[in-house]
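Let's walk through this structure together, one region at a time. Please have the sequence and the 3D view open side by side.

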Number of protein chains: 4
Amino acid sequence: MSNTNKLKIFNDPIYGFITIPNPFIYDLIQHQYFQRLRRISQMGLSYLVYPGANHTRFHHALGCLHIMQKAVNVLRFKNVQISEQEENALYVAILLHDIGHGPFSHAMEHSIVEDVHHEEISLLFMNKLNKEFDGQLSLAIQIFKGEYHRKFMLQLISSQLDMDRMDYLKRDSFYSGVEEGKINSDRLIQMMNVVDDVLVIEEKGIYSVEKFLMARRLMYWQVYLHKTSLVAEEILTRILKRAKELYQKGFDVDCSKPLHFFIENKITFDQFNDEILDEFAKLDDTDIIGAIKNWQYHEDFTLSTLSKMIINRDLLKIKMSNEKFTSEEIQNLLDQFSKESKLTALESKYFVFKGKIKNQAYSKIAEPIRILQKDGGLEDVAILSDQLSLNTLSKHVTKYYLCYPKQLNKS
Amino acid sequence: MSNTNKLKIFNDPIYGFITIPNPFIYDLIQHQYFQRLRRISQMGLSYLVYPGANHTRFHHALGCLHIMQKAVNVLRFKNVQISEQEENALYVAILLHDIGHGPFSHAMEHSIVEDVHHEEISLLFMNKLNKEFDGQLSLAIQIFKGEYHRKFMLQLISSQLDMDRMDYLKRDSFYSGVEEGKINSDRLIQMMNVVDDVLVIEEKGIYSVEKFLMARRLMYWQVYLHKTSLVAEEILTRILKRAKELYQKGFDVDCSKPLHFFIENKITFDQFNDEILDEFAKLDDTDIIGAIKNWQYHEDFTLSTLSKMIINRDLLKIKMSNEKFTSEEIQNLLDQFSKESKLTALESKYFVFKGKIKNQAYSKIAEPIRILQKDGGLEDVAILSDQLSLNTLSKHVTKYYLCYPKQLNKS
Amino acid sequence: MSNTNKLKIFNDPIYGFITIPNPFIYDLIQHQYFQRLRRISQMGLSYLVYPGANHTRFHHALGCLHIMQKAVNVLRFKNVQISEQEENALYVAILLHDIGHGPFSHAMEHSIVEDVHHEEISLLFMNKLNKEFDGQLSLAIQIFKGEYHRKFMLQLISSQLDMDRMDYLKRDSFYSGVEEGKINSDRLIQMMNVVDDVLVIEEKGIYSVEKFLMARRLMYWQVYLHKTSLVAEEILTRILKRAKELYQKGFDVDCSKPLHFFIENKITFDQFNDEILDEFAKLDDTDIIGAIKNWQYHEDFTLSTLSKMIINRDLLKIKMSNEKFTSEEIQNLLDQFSKESKLTALESKYFVFKGKIKNQAYSKIAEPIRILQKDGGLEDVAILSDQLSLNTLSKHVTKYYLCYPKQLNKS
Amino acid sequence: MSNTNKLKIFNDPIYGFITIPNPFIYDLIQHQYFQRLRRISQMGLSYLVYPGANHTRFHHALGCLHIMQKAVNVLRFKNVQISEQEENALYVAILLHDIGHGPFSHAMEHSIVEDVHHEEISLLFMNKLNKEFDGQLSLAIQIFKGEYHRKFMLQLISSQLDMDRMDYLKRDSFYSGVEEGKINSDRLIQMMNVVDDVLVIEEKGIYSVEKFLMARRLMYWQVYLHKTSLVAEEILTRILKRAKELYQKGFDVDCSKPLHFFIENKITFDQFNDEILDEFAKLDDTDIIGAIKNWQYHEDFTLSTLSKMIINRDLLKIKMSNEKFTSEEIQNLLDQFSKESKLTALESKYFVFKGKIKNQAYSKIAEPIRILQKDGGLEDVAILSDQLSLNTLSKHVTKYYLCYPKQLNKS
């Protein structure tokens, strides 16, 4: 294909059009490691609550690429020097920042690839691609690892107000139809600037930053940590754990080859060589959902029952509370359930369990979002805002939940 | 669950909220036959062109339910009598009108369930559900089959301006980001009325009808029949055919049990008993995509090569034309390819083939869209419009295409 | 006109369609008191900052009518009894709640109708219309005055979360293009309920309430109190004051008859009889802007200079600060200016002046927004929210400003 | 003000932000000739039908400037050479293309400035500004007059697919809430190219062009020529004519000075010297509406009655037809009316009259919209489209109307 044909345009319901800035970026997008993101849902099982939330990590990555182009334009307009090479590295880094995600990452990371995080795998993929593309990703990798001397470039990719967060908030609220999460990325980007190698927001953008922080927090409670998504994800985690357990006990757990590989083997991050990475690269939502569909008919009651719950969206009940649930409450439910179901105590714990979620709208430990004041001074948004209080914002809000079969009575 | 809890609301990025009108509708939605639509994409492989087009048949069916509620309100406001029982039947019928769709229906219907159409299967599902729900779907089925005496009710469900088309045009253009397809369903519904048991559009809605017809036509050419979707679908069809062929030759074709069932057996519509229907109900996009992922590593060159094309979005080349391609052109490409690939002539035809697509914006054979004029008369929109000409509109536009591997030269 | 013709529909870019629920409402809309709102801008001089902000009080009132209809539907669906008569009264009251607004109310109330507030005039209009329409507005007036025994009805019309605020936030942010102000009125209304005659929001709507409060606050700082709008309004107030002053000194101040009436006479609220009300009803934006256009050529330097500032959008400079400006700063500018312009000290104060603005996102004195918890209890949103702190929210934020001619140096 | 401060941003609900590209453009926008467009409504009296349609010619001109910037970027990306000087000239020309519009141009041009068209006045303004700005508009004027050698530049400003039409269709449909008129300007601009100095649309944009033509036609019939707007405009024209007539008969017609100037004097285009242009530049909507408000109380029955019709939106009745109305029909109504009203025959014609409107979706005489085919050939869209027929599209559709007082019977 000639290079001209690589100047492709994607339709995007959010931004209108997304333009591929150069042939190298096009080649990365065409790579099977990246194409695989077309089959990985951005919001995991959230479509069980928000039926529109079927967008993919592929689309999110393109969206990030788009707003990074806008950011580069705005910064250059404000006389921030960005060389062509740096520009390209920013595009590569933001495009690939999430490439290490597997299907339903959160559930996976809590069941079968326990000590492995997607950021680390993203880096493995980048390094592998760097070899294939003769070092063309080197600068992007440097930025991504925080090793490049111009620190604001990393902030564009990973900080409390980066292109990633902007796109996912905008995209997730768009597809889920939760209007409260909409943010004005256009305005935020227009207000960006760089001072002393630090990414800042100009003062008249302060309300947009507040709005952004509130929208993010709202999306956490209303969408990402929605109780139905939560219980679905907990069930999914337990399905994968149970499958692994059954395999270890000698049962057959029919599923796709790449998924079977990870059920068979306990892979630690240190073992993640190129072969394992290639196996990992074969995994997508299809493997997980396909397996669960099979397992509906598995001989093990626990595995089959949990699997049916996901497929038929007939989930466990979930109670949420600001207080911890007591051991008695849980034991009582466990007793009821094992009596009724004749399951062992251990198996019953697949159906009756508790958990907690935490969220924090803004971290005061992480690098702050800095506002450029009219007099040229920089200040943390949480200090400048007359509405947000740093303490309230950075408070870790914790909620507790308890899951159990519908037929049980929680008195 | 108490009935009050069944008065659920779904978020929808298009309509805001979709309300479930009564507990019976809720129970239908909860049924596994319907839940399965969550895993069937509305637009098949179009996401390979429009990365936002990942919405499901589940969501489309809910959307239809929503606008049917609006239509019922508007008609009642205009003194069209609709009993509660009829209202409910309209909701059931529109909700289930597409329940017979399998995954990638078009490709399936051209490969492994050859003589079976989704409308017929929808009816089978409805009948089965009617048994389960003690006859509560009887009136809906009567309407759906065109056997109810009030004919306009069928027109709301299936006609040239029904709730189905309104929702899918709106939804498909929304998710694909193709703004040209957006229609004003609100206005069309506001302009609906019933005269002599015929669904009509009041005269001042005529421009909205024209717009609707043009939008539909545009969506066909720009989206549904987009050349890349077309070639992807052709490849998918050939993958399924090849798998069936290989099975018949004694090869192993590893895939999910329900898909294997349909590869093993040639099922005609007459054989579609309850058992087969239940097997069919287990199929969704996961089975197809999961199989294709496996088949990338199949020993058969044809199957594995075609499978990789879909998974890595590295498709055959496609040329479109208003004229038929000549036998020489095709033979020339076939010769080139079999020489180069060492495949048999028969196998080569999996990689070099032609086809055609037809579309018609408006049928003059089907029941017309009728405009209610100010003097009370009814007239076909194609006659009243000063812009649309019935002949142009109802013309069958045919386009021809030719698919072949990228490396070949089409001189 | 027959009553059927009065079942009119208005296009609205925000809600799609606004339906007039009954012929009486139609007659009110057709009344010249209401038609006059077509010529009164909702956001005063804000179009000087936001060029899209040209929407009118007429459109806002229709918007309120629309969402009141939604609210009535939702509440009835939740079994809140609302009689037809009450329903109609709610429509009348919300439609007319702002009918007492004159053109550029804020500037008017600070210059020529000093002790008269638009709420009081709204009531005068309602009483007058009640006579014309034979008592058909009586119940609406009772509700509006807080004299009806069902208190929640007043809350729908006037409270910290009423239909008025919902529509104006949505509409003002829409037309000004300030996305941060967008609120999800659909969701807020869906979450409404009535408990013990109190309007409440169900618990799962709490994030939407937080969002609403933040959006309102943001709109205040970013739009309603935008420094350029502020200085424009201050200039407008001074133009009107100066005209009155000049008239009293015997100068001719050419303007429309109704405006001249209010410049000639000092009208207190007690004098507002039917004749004066009719005169007031003749005023709209045209009278004010038309006068200012004339006054650009007035012999008085002060009047003509200020008038040109508005017409040519060539305003005074404005500095904002969190601290009060000192007397010295102001005196220094006054001295510079009177020296340069040869104006008297008194006249100079038309060009150099200070002011302050206050805003409060949520009042803890006014009736709170109450959340209906899952256990049935009611609680103030400011107490329940883990993010908003009642003290921060209800803080009166004050900002100070200083206006002066551009050519001066503020050292 | 420093040049940096002139790099201003306007909020636009349609495009998000509109950036002022350079300080010279900023100065033009600040000029009082341009600021005056803030007080001239883009859609005249259409707000009487579409209450949201209060946007101004000021905003439209900024919108055109915005999409011209997009067009320049796209063309340069496709290697069309555009110098900085040409770029700036394109911005100036599109910004000022409509600056010659007076208030309610159409009614004005049919009553008091009879032989003067706004395009010609735009040129007068540009020439005057060119003097003030020392020749900086020369190239823009050359392009605007069609005298520049690169013809495609004029096509960007004035052709069947220019920036003007794109913005007004988009903006008028947005503000009026008529969704059917929405066009995809983003896509149209993305598909633009220049071949042999001709502006073309690339083939895959053909459906967007069809959509654009259909949307334009729809907006004509549904909005611009809406029967209520039509009758309102006819009444406005007659008010101005009547005022002129009364003035000539020696009556006093109280109105603003600039409007009085044009009522007193019959100005032909040849007389339009700088003084008259400056007088014209003082006119805006305020003058017209202000006068009509006064004239409600004029002693002349005809003038006062027509004036009240506009102010209270209580218009004449209008009948539309595809056929001409007969002389008898009209005479009959005239007789009825003069008998009932005791007006002279001449005066009665102010209340009973007929007219006609014509529209053509696409002109085959004007320069065609050219499609760039894949083989490099250019062809008229009307020939390439399989749906549009050149003859149908270019047909002059004529509709006839008859206006008369509501109380009359048209048998």
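Below we visit an interface, a loop residue and a hairpin.

First, some housekeeping: this is a predicted model, in which local features need pLDDT of at least 70 and side-chain atom pairs count only at pLDDT 80 or more, while totals for chains, interfaces and linings use all residues. Residues are numbered from 1 along each chain as its sequence is written, and chains are lettered from A and ligands numbered from 1 in the order in which they are written.

Let's start where chain D meets chain B: 18 residues of chain D are in contact with 18 residues of chain B, contact meaning that the C-beta atoms, placed from the backbone, lie within 7 Å. On the chain D side, the top contributor is helix α11 (residues 206–224), with 8 residues; helices here are DSSP runs of H or I with at least four residues, strands are E runs of at least two, and both are numbered from the N terminus.

Now turn to Y50(C), in the loop that joins α2 (32–35) to α3 (57–77) of chain C. Is Y50(C) buried or exposed? Y50(C) is buried because 25 C-beta neighbours lie inside 10 Å; the cut-off is 20 or more for buried, 12 or fewer for exposed, and partly exposed in between, with C-beta atoms placed from the backbone. Leaving aside residues up to four places away in sequence, Y50(C) touches S176(C), G177(C), V223(C) and N11(D).

Finally, look at chain D, where β3 (residues 192–195) and β4 (residues 198–202) pair in the antiparallel sense over 4 bridges; pairing requires at least two DSSP bridges. Within this pair, V194(D) sits opposite L199(D). The two strands form a hairpin with 2 residues between them, and D196(D) in the turn has a positive phi of about 50 degrees.

Technical notes
Contact = placed C-beta atoms within 7 Å.
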